[in-house]
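Have the viewer open and follow along.

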Amino acid sequence: MTVPVVSVQNLSIDYVIGAGRFRAVSGVSLDVEPGHVVGVVGETGCGKSTLAQAIPRLLPEPPATIGEGRIIFQGIDLVQVPLWKMPRIRGTGINMIFQEPLNSLNPAYRIYDQVAEAIHIRRVRDKGNIVVDHRPAAPFDYSQRPKQDAGEALTRPIIPSGAAAQVARKATGRHGELRDEVLEYLRLVRINDPETILNLYPHELSGGMRQRVMIAMALSEKPTLLIADEPTSALDVTIQAQVLTLMKELIDEVNTSILFISHDLGVIAETADELGVMYAGKLVEFGPVAELFSAPRHPYTKALLGAAPTRYKSEGTLASIAGSVPNLSRPPTGCRFHPRCSIARPKCRVPPGPPLLAVEGASENHRSACYFPSEVAAIP
Amino acid sequence: MAERARRIGRSAILLWRVLRANPLTLVGFVIVVLIAGTAVIMVSVPHLLTSYGVDQGTVDYHQSPSWHHLFGTDGNGLDIFSMVLYGLPVDLAIAFAIAGVALLGGGALGLIAGFWDRPGTAGGIASVVIMRITDIFLSFPSLILALAIAVSLGRGVWQLVVAVLLTWWPFYVRLVRGETLAVKHLPYVMAARAAGVTEGRIVLRHVVRNVLEPVIVYFTLDIGTVLVTLSTIGYVGLGVNYPTTPEWGSMISYYQGAGLITSYPWTVLGPGLAIFITVLAFSLLGDGLRDVLDPRSRRVLAGNAGRSSTSPAEQEEAAEEVQQEVLELPTNVPAAQEALS
């Protein structure tokens, strides 16, 4: 059994707003194995983005608070790490791509400066000092990356010593080898004419180009875990396909671990190895993508798959799930899906509801939070 | 070295294009450059522009404006034009000192109050303290407060600077805090955080740069406002000692107090005109500065200026070329395949 890159254990996140408090994520456990792509799907408001941002501790705390649970990353519990130390883990340890490519680049700086900043951060971390004639090996073979110990990373200073900073300044010349590495990464994400792109401002690029630059920036830090929070949602369909193709190619090339958040089942089916399905703050099913798509073991997964529009069918209305998403400040007792579930029984209403357990007759890591996983197949 | 020279050259061309696209800004820019040049000359070699020293009388008393005395002379034989010129660096220095210190001090406080404003944290408490003190200062009419402080401190350049400064910084706190609040929630700040950039560096590199645009514009417009406020304080007789220290507001106050305004109006007309032109120039420049500082509008302006340099004939030629290429394209599919293979 390999050690997972990140292990989220029984994580609960509350939002405290005024006197009210509601649980956006309750008791989610999720492992990302090295080199795997784990997808998380769910409706808007199911807590998937909150989960994604909680792992690198990017949630604004307050109003968000981590109620309970652990996030084990490279042997340490990120929940216990003071926030001011988190920058040392972010970037090179856990990096993130966001869903707003239009605003995720600083409008005031050229593309060169932004990618160079990311590369610079990684160099400072990697070496503890700066090696000037470092040549990038692109594509970077992530499997060769020395396993970094996060605990050790925390003891390292964020800012290099004065001398190292001086060398760094010299190395950041517009024509130095830093420029070469920036170009290297822009080529890695298939940007045409990167020499011109270097000197442009973000507003001069299209949404797809900006997202490519964001991906280049994230990869240039060579993160152990990359969290992609709906990276293609804000793009139109053709650009979405391009970026997705790029990501799929890069996943093979860079061999990194990715947590992929999306509400689009098609996107997940194309990229992920394992898939987690979230509903109303809970992980209701987790398993290998192919098996989850062919034989879902939770009624919600089944309904979600049924609601995905198919391309070549024009007759009839779009399928939907009856009922609506529950209010998280007063979630249904027991299984949260029971008011909308066609196979619900009185048992489902009793708190605390079904735990996420391994399913009999399925893959080893296929788990479902339903009392009757064998009956799901029979739902029309 | 050569690279640096080239970059400065490129910036100069860009500046010229932006200014050309915006004539009023150009006017403001030219006047500000002239004013700055005059101020430098008056500080270093005043005899290039005037033949009189500060507070040096002539034998001409109460002369109306002439080629010899452009703005006339006063009852002591002082040449008004010379005194206005001597007042220029004094007024500019005071205005820049006040607005500059207010910008740096108030701006820093505004950044802190805006960026670390989360309630329940140490920063949140600091933010509340800063903002409440700012509110207290803002709740007084600033001119009245400045006058009160000026009265208690007495006359003089430093007293004047302190009096105005004490009422001036809160506006910068409020402006910078507002801009910071808007910027810090933008996705690129979150993206920088996710990339492992430390909070301090996020503030200094990502927030400050994006707050800078409106603040610099406000600062330039503010120079004019400070000048008017200075003159107002000088006008009610609380400014500096004229004629030992030539300052425009005090100058007007002095001549008006001496009852010269009705018989010899040029004594106040000169300094009044100087205040008017200076304030106008900075206002015009400030309006146009936004375009220069914002990469978005900067490129658009520069791009437009660049495009207009292509003559219509050239454009026509290019269009014909494209048309020719289109005509030469194979029209049927087999031919196209052949051409491609």
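In this predicted model, helix H5(B) meets helix H6(B) through Ser142(B), Leu145(B), Ala146(B), Ile149(B), Ala150(B) and Leu153(B). On the H6(B) side, the partners are Gln159(B), Leu160(B), Val162(B), Ala163(B), Val164(B), Leu166(B) and Thr167(B). The contact is made by ten nonpolar and three polar residues, with no charged ones. H5(B) covers residues 142-153 and H6(B) residues 157-184; the two pack at an angle of about 145°, and their axes are 8 Å apart. Their crossing is right-handed.

Now for the meeting of the two chains. Here 25 residues of chain A are in contact with 19 residues of chain B. On the chain A side, strand S6 (94-97) and helix H2 (111-127) each supply at least two residues. That side of chain A holds 14 nonpolar, seven polar and four charged residues.

The two contacts can be set out by residue class:

| Contact | Nonpolar | Polar | Charged |
|---|---|---|---|
| H5(B) with H6(B) | ten residues | three residues | no residues |

Which residues of H5(A) are buried? They are Leu178(A), Glu181(A), Val182(A), Glu184(A), Tyr185(A), Leu186(A) and Leu188(A). After H5(A) comes Arg190(A), with a positive phi near 60°.

Methods:
Residues are numbered from 1 along each chain as its sequence is written. Chains are lettered from A and ligands numbered from 1 in the order in which they are written. This is a predicted model: local features need pLDDT of at least 70, side-chain atom pairs count only at pLDDT 80 or more; totals for chains, interfaces and linings use all residues. Two residues are in contact if their C-beta atoms, placed from the backbone, lie within 7 Å. Helices (H or I, at least four residues) and strands (E, at least two) are DSSP runs, numbered from the N terminus. Ala, Val, Leu, Ile, Met, Phe, Trp, Tyr, Cys and Pro count as nonpolar, Asp, Glu, Lys and Arg as charged, and the others, Gly among them, as polar. Axes are lines fitted to C-alpha atoms, for helices over the stretch in contact, and angles run from 0 to 180 degrees between N-to-C directions. A crossing is left-handed if the near helix is turned anticlockwise from the far one by less than a right angle, and right-handed if clockwise. A residue is buried if 20 or more other C-beta atoms lie within 10 Å of its own, exposed if 12 or fewer, and partly exposed in between; C-beta atoms are placed from the backbone.
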